[in-house]
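Trainee: I have a structure to go through. Can we take it in short questions and answers?

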Amino acid sequence: MTVDGPRTATGERNERLAALLARIALGDQRAFADLYRLASAHLYAVAIRIVRDGALAEEMLQEAFVSVWHHAGTYDVAKSQPITWLTSIVRNRCLDWLRRREVDTEPLATNDDDAPAWEPPSDGPSPVDLLLAAADAQALRRCVDLLESGPRQAIALAFFHGLSHRELASRLHEPLGTVKSWVRRGLATLRRCLDAAGGAQ
Amino acid sequence: MNLSRPDRRERLDRLAAEFALGTSPPRVRRRLATIARRDRVVAASLSEWERRIAVLADRVPATTPPPRVWRNIETRLGLEADRVPAREAGWLRRIAFWRALAVGSLIGIVVLGAAEWRRAPVVVPAPLVVVLSGADAKVGLIATATRGERYLTLKKVGNAPPGQDKTLELWALPQAGAPQPLGVIPQGNVVRVPLQNPVDETLSNIPTLAVSVEPPGGSPTGKPTGPVVYSGAVERMY
């Protein structure tokens, strides 16, 4: 699925990344260094937002690149944009790390300790700002606009800060059930809209 | 729980969406990741949602990581040098080494040849050398060619066979773009890989060659499908 505008700098970058991944699959270290130069700042920014700790984000980025070196051959250009593929690897590393620490309780045991001991950085754009910024690509913009404010905020916080249902409920001061249904509805709306947009291209 | 059953697709879709967004409880997350390893439908659903969702990250303002991150990656992977500029030096050192070796061999040939030149075949140092080594830096193959020839001569140095029902395939890695297949490497210690065009044309814009493990007859897709066992820089002496 592509939610991309016309051929842009992003498109060119993706072509370059795809070519580099093909070479990395063959063990080309120079291509690997080039990929790091091109993509690490974006991926580090994604990681740091989710794990909310610079040193930890560095560790996640390292693990992600080690994984890219070993699995570049599994990247399929027909299935996803390279930056999307790379972002997924980084996000999964971060989310796995976050979730490993979490006590697996569901339904929610209401407990003040559940409140996340952090605040989003006040100087940077908020998760909702970022969601809207990502939505600059027209198709995505239209889809994000379809989200009501609750689902939009829940999805933005979950996506950019790696909050679980439980943490979302605590942060948004809403019952767990409400938050879960916001997420569910929001994702369903995005899916319908993005797939329709993708199919139309 | 068989999530790939058609009547459970809706449930799978929701679980996959929450997995990709990252909101699934840890137990569900672990469970789905495990199931995805053996169930292709589940795996496809997860990666489809990951693609859909990752688009949202497009506009996160970039933050350059500290230089130690790259150094650590190289250390963890045992890559050639500890940082990028140093690696350039590494490549140069390697070229210098092979040049010195080529010149040394030439001198050796001349000295020995003085005594035995009548019997010895005339040896011309190949003007193109590629030393293909594995991740452990051990040399596995040496490719040589002389300008104008339509083949590469490969000498196997390592003793790692490709394994049962596998072949080794040689690839040219251009500066940009996809790897180009050069051909399957035949069995034997010194073998030739035929080329369609003279070697200096075929490799004119190719900085690196690599060897991957492929099914018999070579990669079915035209792209490398198996692990890369050796790679090396193309050193030209012309």
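Predicted model: local features only at pLDDT ≥ 70, side-chain atom pairs only at ≥ 80, totals over all residues.

Trainee: How much area do chain A and chain B bury between them?

Mentor: Contact means heavy atoms within 4.5 Å. On that rule, 65 residues of chain A touch 61 residues of chain B. Buried area is the accessible area (1.4 Å probe) that two parts lose on being put together, summed over both. Carbon and sulfur atoms carry 63% of it, and the total is about 5800 Å².

Trainee: How many salt bridges cross the interface of chain A and chain B?

Mentor: A salt bridge is a side-chain nitrogen of Lys or Arg within 4 Å of a carboxyl oxygen of Asp or Glu. One of them pairs B:Arg76 with A:Glu59 at 3.3 Å, N to O. Over all chains the search finds 14. Across the interface of chain A and chain B the number is six.

Trainee: Which residues are linked in a network with A:Arg191?

Mentor: A:Arg191 and B:Asp13 form a salt bridge at 2.2 Å, N to O. A:Arg191 is in helix 9 of chain A and B:Asp13 in helix 1 of chain B, so this pair joins two chains. Helices (H or I, at least four residues) and strands (E, at least two) are DSSP runs, numbered from the N terminus. The salt-bridge network links A:Arg191 with B:Asp13, B:Glu48 and B:Arg52.

Trainee: Is B:Glu18 buried or exposed?

Mentor: B:Glu18 forms a salt bridge with B:Arg14 at 3.8 Å, N to O. The two are four residues apart in helix 1 of chain B, so about one helical turn separates them. Buried means under 20% relative accessible area, exposed over 50%, partly exposed in between (1.4 Å probe, protein chains only). B:Arg14 is partly exposed at 22%, whereas B:Glu18 has 5% and is buried.

Trainee: Which backbone nitrogen does the side chain of B:Ser24 reach?

Mentor: B:Ser24 sits in the loop between helix 1 (9-21) and helix 2 (26-38) of chain B. Its relative accessibility is 1%, so B:Ser24 counts as buried. A polar atom of its side chain lies 3.2 Å from the backbone oxygen of B:Glu18. At 3.1 Å, the side chain of B:Ser24 also reaches the backbone nitrogen of B:Phe19.

Trainee: Which side chain does a polar contact of 3.0 Å join to that of B:Tyr151?

Mentor: B:Tyr151 is in strand 3 (residues 151-156) of chain B. A polar contact is a pair of N or O atoms within 3.5 Å; within protein, one must be able to donate a hydrogen and the other to accept it, and residues adjacent in sequence count only if both atoms are side-chain atoms. One such contact, of 3.3 Å, joins B:Tyr151 to B:Glu149. The contact of 3.0 Å joins B:Tyr151 to B:Arg192.

Methods: Residues numbered from 1 in each chain as written. Chains lettered and ligands numbered in written order. Heavy atoms only, no water.
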